[in-house]
Amino acid sequence: MNLILFGPPAAGKGTQAKRLVTERGLVQLSTGDMLRAATASGSALGQRVQAIMDAGDLVSDDIVIALIDEHLTAAEDAGGAIFDGFPRTLAQAESLDAMLKSRGEKIDRVVRLKVDDAMLLERIGKRFAEAGRADDNPETFKVRLAAYNRQTAPLLPYYQGQGKLIEVDGMGDIASVAAEIDVALASLTV
Ligand code: AMP
């Protein structure tokens, strides 16, 4: 089963992805985590993307597509992937469809976590205080949210058109959002 967890930054995608990994044995593919690992290691890739991430802008499509491509075999072996923070542009979504198709696979569901801006700001404030991630500061977060609204939210009609989009209320606590996701996935027999 291949799922996309879709939503703005701080919607809870990472938290819910980790739970699905534990419960369903799928592989979480978070391009944000991969890019942070690259910057932490000081690799050439990390050095290329650091300033873009610090500014809250999107890293180029070719970089994140290549990162995902590197992990698809492992995901396939595990029985599927949970894509978290990818795709974020139409070019990424089309590449993902093509990469999966060439493996005889597809996206089965796109779970959109719906959270309003006030709640996102509250969550990001807490996360910034607790984890101290530089791009969670209020000013950079505004840039990230704008990038989501401008470049990523337009993917919703793409997946709606494919009949794969499920909307879940992401405003509740972790357990209630998890329960809603489970209901949404219950009909899935892959
Ligand atoms: P995230 O942890 O998913 O919020 O990602 C943190 C940052 O990594 C983003 O603000 C972008 O700069 C970069 N990033 C992560 N995933 C992508 C993606 N799919 N496309 C472009 N940039 C990304």
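**Figure 1. Loop between β3 and α5, with P87.** P87 sits in the loop that links β3 to α5. This is a predicted model. The peptide bond running from F86 to P87 is cis. Its omega is near 0°. Both F86 and P87 touch L96.

**Figure 2. Loop between β1 and α1, with A10.** A10 belongs to the loop between β1 and α1. Its phi is near 75°. That is a positive value in a residue other than glycine. A10 has a relative accessible area of 11%, so the residue counts as buried.

Figure 3. The ligand is surrounded by 16 residues. The closest are T31, R36, D57, G85 and Q92. By class, six residues of the shell are nonpolar, four are polar and six are charged. Helix α2 gives the most to this shell, with four residues.

Figure 4. Which backbones come up to a nitrogen atom of the ligand? For V59, a backbone N or O atom lies 3.1 Å from a ligand nitrogen. For G85, a polar backbone atom is 3.0 Å from a nitrogen atom of the ligand. R144 uses its side chain instead: one of its N or O atoms is 3.1 Å from a ligand oxygen. Taken alone, the ligand exposes 480 Å². The protein buries 96% of that area.

**Figure 5. The largest nonpolar core.** This core holds 30 residues. Which of them touch the most other members? They are I4, L29, L35, I68, F83 and L96. Two or more residues come from each of β1 (3-6), α2 (31-41), α3 (44-55), α4 (61-78), β3 (81-84), α5 (90-101) and α8 (155-161). Helix α4 provides the largest share, seven residues. In soluble globular proteins, nonpolar side chains tend to be buried together.

Figure 6. Not counting residues up to four places away in sequence, L96 touches I4, I68, F83, F86, P87 and I107. Another core lies apart from the largest one. It has 24 residues, among them A11, L120, L145 and I166.

**Figure 7. L100 in helix α5.** L100 is found in α5. Is L100 buried or exposed? Its relative accessibility is 3%, so L100 counts as buried. Leaving aside neighbours within four places in sequence, L100 is in contact with N2, L72, E105, K106 and I107. D69 is 31 residues from L100 along the chain. Their C-alpha atoms are separated by 9.3 Å.

**Figure 8. S30 in strand β2.** S30 is part of β2, which covers residues 27-30. Its relative accessibility is 7%, under the 20% limit, so S30 counts as buried. The S30 side chain reaches the backbone nitrogen of D33. That distance is 2.9 Å.

**Figure 9. K18 in helix α1.** K18 lies in α1, which covers residues 13-24. Its relative accessible area is 45%, so K18 is partly exposed. Leaving aside neighbours within four places in sequence, K18 is in contact with Q28 and D33. D33 also receives the S30 side chain at its backbone nitrogen.

Key:
Residues are numbered from 1 along each chain as its sequence is written. This is a predicted model: local features need pLDDT of at least 70, side-chain atom pairs count only at pLDDT 80 or more; totals for chains, interfaces and linings use all residues. Side-chain values use heavy atoms; hydrogens and water are left out. A nonpolar core is a set of buried Ala, Val, Leu, Ile, Met, Phe, Trp, Tyr and Cys residues joined through side-chain atoms within 4.5 Å. Buried means under 20% relative accessible area, exposed over 50%, partly exposed in between (1.4 Å probe, protein chains only). Contact means heavy atoms within 4.5 Å. A residue is near a molecule or strand if one of its heavy atoms lies within 4 Å of it. A polar contact is a pair of N or O atoms within 3.5 Å; within protein, one must be able to donate a hydrogen and the other to accept it, and residues adjacent in sequence count only if both atoms are side-chain atoms. Accessible areas come from the Shrake-Rupley method with a 1.4 Å probe; for residues, only the protein chains shown count as cover. Ala, Val, Leu, Ile, Met, Phe, Trp, Tyr, Cys and Pro count as nonpolar, Asp, Glu, Lys and Arg as charged, and the others, Gly among them, as polar.
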